[in-house]
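Here are a few friendly notes to read alongside the model. Keep the structure open and look up each place as you come to it.

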Amino acid sequence: MKAVVVEQYAPIDQIELKDIPHPLLEPGQLRIRVEAAGIGFVDGLKIQGLYQTKDPLPFIPGTEFAGIVDEAPGRPGGYQPGMRVMGMTRSGALAEEIVVTPAALYPLPDGVAAEVAASFRANYLTALYALSARASLCAGEQILVLGAAGGTGVAAVQIGKLLGARVIAAASTPDKREFAQQHGADAVIDYTQTGWRDKLKELTGGHGADVIFDPVGGEISVQAFRSIAWRGRHLVIGFAAGAIPALPFNLPLLKGGALLGVDLAQLPTREPELQKRLMSELTNWLANGELKPVVGRVFALEDFREAFRTMQTRGALGKMVVRISR
Ligand SMILES: NC(=O)c1ccc[n+]([C@@H]2O[C@H](COP(=O)([O-])OP(=O)(O)OC[C@H]3O[C@@H](n4cnc5c(N)ncnc54)[C@H](OP(=O)(O)O)[C@@H]3O)[C@@H](O)[C@H]2O)c1
């Protein structure tokens, strides 16, 4: 089968598409024919060995996918050949086939395209977990989404609207701000401009942001916290800008505010029941059409490097997806 193989941690230009043997199936596992894989920020770090946990070499990158069950001896987890699924694993999704346990899978509602499913689970679950379970976002509150045209950012814009909030989207270019608005943002801010906090103050009628969704990090995070509303909640999602900010402790005191960490990777083991409830809420929205997840750009498997480059050069609108088979 064809697979992207990382033999040495390296930039994407040095990673190859290879023909390798089909993965072996062990008892309790299923073979999935992968139709599409989503490329996230973490995948870009993992191939270079820059992520906090390193995948042992060689490995196939790609943590999120959608596909069709191909082999399921003994029907593990009730799955059988022909069923459409979406999945999340530590690695292995950028390949024509992947072998997983049922715990990695979730049934795919009818009518949802593979590209949509492959860009859905990580970002939308992160957004819902953060906004609903961590920040207890209430209808009518105002949220500020940083990096609002990125994968997690645009998911937070959409989920914020579904939860009844007023969404202010911050992004670096006119295209990105327009993209966030097309997906439901009520107002936009160019946070590369020095006066952006004044604009936020104006847009919130002097109140500040009740909730800040922050996948960006760096100096912007500290500036954003300075504009938080009384009893505001600042959600730490990630550090796409590279630098991990340090927050002076007097700021939460003065603002009556909270800094809340969000780690989707720990959700299945720490709070499995919560994950189940959030996934069922998301898939209901997906199945009844209330939530239309954003697929950024779709690339052919041969063009996988371009998908990584687009994301790594701050050029992506939404999540990048690689189409693998029909
Ligand atoms: N905590 C969790 O459970 C969880 C789950 C998923 C992802 N994450 C993390 O969240 C972060 C964002 O992930 P994502 O998938 O949303 O990424 P993404 O699609 O690449 O979006 C990140 C956004 O950050 C902004 N940005 C600012 N400076 C940047 C820089 N130097 N390089 C790249 N982007 C920059 C960009 O928006 P502008 O150009 O508008 O500034 C970009 O749209 C990553 O650190 C990822 O690891 C965490």
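1. Let us begin with a term that you will need for the helices. A crossing of two helices is called right-handed if the near helix is turned clockwise from the far one by less than a right angle, and left-handed if it is turned anticlockwise. With that in mind, look at helix 3 and helix 10: helix 3 passes helix 10 in a right-handed crossing. Please remember throughout that this is a predicted model.

2. Stay with this pair for a moment. Helix 3 covers residues 121–134 and helix 10 covers residues 272–287; their axes come within 10 Å and cross at roughly 115°. Angles of 65 to 115 degrees count as roughly perpendicular, so helix 3 is roughly perpendicular to helix 10.

3. Which residues of helix 3 and helix 10 meet? From helix 3 come Arg121, Tyr124, Leu125, Leu128, Tyr129 and Ala133, and they meet Leu274, Gln275, Leu278, Met279, Glu281, Leu282 and Trp285 of helix 10. Sorted by class, the residues of this contact are ten nonpolar, one polar and two charged.

4. Helix 3 has another partner, helix 4 (residues 151–162): the two pack with axes 8 Å apart, at an angle of about 55°. That angle makes helix 3 oblique to helix 4.

5. The contact of helix 3 with helix 4 has eight nonpolar, five polar and no charged residues.

6. Now turn to the aromatic rings. The model has three aromatic pairs, one of them formed by Tyr9 and Phe59. This pair is tilted, with 6.4 Å from centre to centre and 45° between the planes. Tyr9 lies in the loop between strand 1 and strand 2, and Phe59 in the loop between helix 1 and strand 4, so the pair ties together parts that are 50 residues apart in sequence.

7. Two details of the backbone deserve a look. Most residues other than glycine have a negative phi, and most peptide bonds are trans. The bond from Leu57 to Pro58 is cis, with omega near -15°, and Pro58 sits in the loop between helix 1 and strand 4. Arg231 has a positive phi, near 65°, and lies in strand 12.

8. Finally, a record to compare with the model: UniProt, in an unreviewed entry, places "domain: Enoyl reductase (ER)" at residues 10–322. Over residues 10–322 the chain is 31% helix and 25% strand, with the end C-alpha atoms 20 Å apart.

Conventions:
Residues numbered from 1 in each chain as written. Predicted model: local features only at pLDDT ≥ 70, side-chain atom pairs only at ≥ 80, totals over all residues. Heavy atoms only, no water. Axes fitted to C-alpha atoms, helices over the stretch in contact; angles between N-to-C directions. Helix = DSSP H or I, 4+ residues; strand = E, 2+ residues; numbered from the N terminus. Parallel < 35°, antiparallel > 145°, perpendicular 65-115°, else oblique. Contact = heavy atoms within 4.5 Å. Nonpolar A, V, L, I, M, F, W, Y, C, P; charged D, E, K, R; others polar. UniProt positions renumbered as here; feature names shortened; annotations may be inferred. Phe/Tyr/Trp six-rings, centres within 6.5 Å; stacked < 30°, edge-to-face > 60°.
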